[in-house]
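This briefing goes through a protein model for a reader who works with computed structures. Please keep the sequence and the coordinates at hand while reading.

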Amino acid sequence: HVIECCSPFLQQYVLSLQCRQDLDRIQSSTTTLIFANLRTMMLSVYGTEANRTRALIQLNARIDELASTGVVIHELKLKGPDMPPGLMKHLVSLFGVDLMGILRMEGVNGASLDPRKQIL
């Protein structure tokens with residue numbers, strides 16, 4: 001089964017780290033394989049018919065939950081031509097390695113840092 005991500009919210013969700021974590025959780029609980037094609041913005045679900053149906057129900061419930069709560073998912077690239085040098089180092093020194101300073105801010109429900117790719 002293939003899900004085409006046409007809306008900007010779904011496209012933003014598919015590109016996020018939170019989506020990858022949700023997909024891993026859904027895959028393990030339903031014994032399916034969910035492949036996110038980031039080039040075509042499509043999610044493909046593989047497995048038995050019953051397991052695919054369970055995975056699609058869980059995935060749709062998660063997307064509906066995020067959309068209804070007004071959650072906005074952002075990935076910030078901390079390295080690039082438009083970013084100042086040393087931005088990741090400054091953020092870590094300002095908010096801590098565990099990003100607890102960011103999590104205390106109003107409206108922030110979660111934050112993670114990928115130091116290898118320099119993505120917040």
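What percentage of the 120 residues of the protein chain count as buried? Of these 120 residues, 31% count as buried, where buried stands for under 20% relative accessible area, exposed for over 50%, and partly exposed for the range in between, all with a 1.4 Å probe and protein chains only. The model is a predicted one, in which local features need pLDDT of at least 70 and side-chain atom pairs count only at pLDDT 80 or more, while totals for chains, interfaces and linings use all residues. Residues are numbered from 1 along each chain as its sequence is written, and side-chain values use heavy atoms, with hydrogens and water left out.

**Overall make-up**

- The protein chain holds five helices and three strands, and its pattern along the sequence reads β-α-α-β-β-α-α-α; helices (H or I, at least four residues) and strands (E, at least two) are DSSP runs that are numbered from the N terminus.
- The accessible surface of the protein chain amounts to about 8000 Å², with 59% of it belonging to carbon and sulfur atoms; such areas come from the Shrake-Rupley method with a 1.4 Å probe, and for residues only the protein chains shown count as cover.
- Among the contacts in the protein chain with a separation of 6 or more, 55% are between residues 24 or more positions apart, a contact being heavy atoms within 4.5 Å.

**The sheet and the helices packed on it**

- The three strands form an open sheet in the order β1-β3-β2 with antiparallel pairing, where two strands pair if DSSP finds at least two bridges between them.
- Strands β1 (2-4) and β2 stand at the edges with a single partner strand each, and therefore one side of each has no neighbour in the sheet.
- On average, neighbouring strands of this sheet are turned by 15 degrees against each other, direction ignored; axes here are lines fitted to C-alpha atoms, for helices over the stretch in contact, and angles run from 0 to 180 degrees between N-to-C directions.
- Strand β1 and strand β3 (residues 42-46) run antiparallel and are joined by three bridges, and S44 in β3 is the bridge partner of V2.
- Helix α2 (residues 17-30) packs on the sheet, where it touches β2 and β3, and its direction makes about 155 degrees with that of β2.
- Helix α3 (residues 49-68) also packs on the sheet, touching β1, β2 and β3, with a direction that makes about 145 degrees with that of β3.

**Salt bridges**

- With a salt bridge taken as a side-chain nitrogen of Lys or Arg within 4 Å of a carboxyl oxygen of Asp or Glu, the count comes to three.
- D22 lies in helix α2 and is buried because its relative accessible area is 7%; apart from its neighbours within four places in sequence, D22 is in contact with Y13 and R62.
- The side chains of D22 and R62 meet in a salt bridge at 2.9 Å, N to O, and this pair links distant parts of the chain, with D22 in helix α2 and R62 in helix α3, 40 residues apart.
- R62 counts as buried because its relative accessibility is 15%.
- A salt bridge also joins the side chains of R25 and D22 (3.9 Å, N to O); these residues are three apart in helix α2 and so are separated by about one helical turn, and R25 counts as partly exposed at 42% relative accessibility.
- The side chains of E49 and R52 meet in a salt bridge at 2.3 Å, N to O, and as they are three residues apart in helix α3, about one helical turn separates them.
- E49 counts as exposed at 53% relative accessibility, whereas R52 is partly exposed, with a relative accessible area of 21%.

**Loop and surface details**

- T31 is found in the loop between α2 and β2 and is exposed, with a relative accessible area of 58%.
- Although T31 is not a glycine, it has a positive phi of about 50 degrees; most residues other than glycine have a negative phi.
- L33, F35 and Y46 form a nonpolar patch on the surface, with about 320 Å² of accessible area together; patches are made of residues with over 30% relative accessible area and no salt bridge, with like charges joined within 9 Å and nonpolar side chains (Val, Leu, Ile, Met, Phe, Trp, Tyr) within 5 Å.
- L33 has its place in strand β2 (residues 33-37) and counts as partly exposed because its relative accessibility is 48%.
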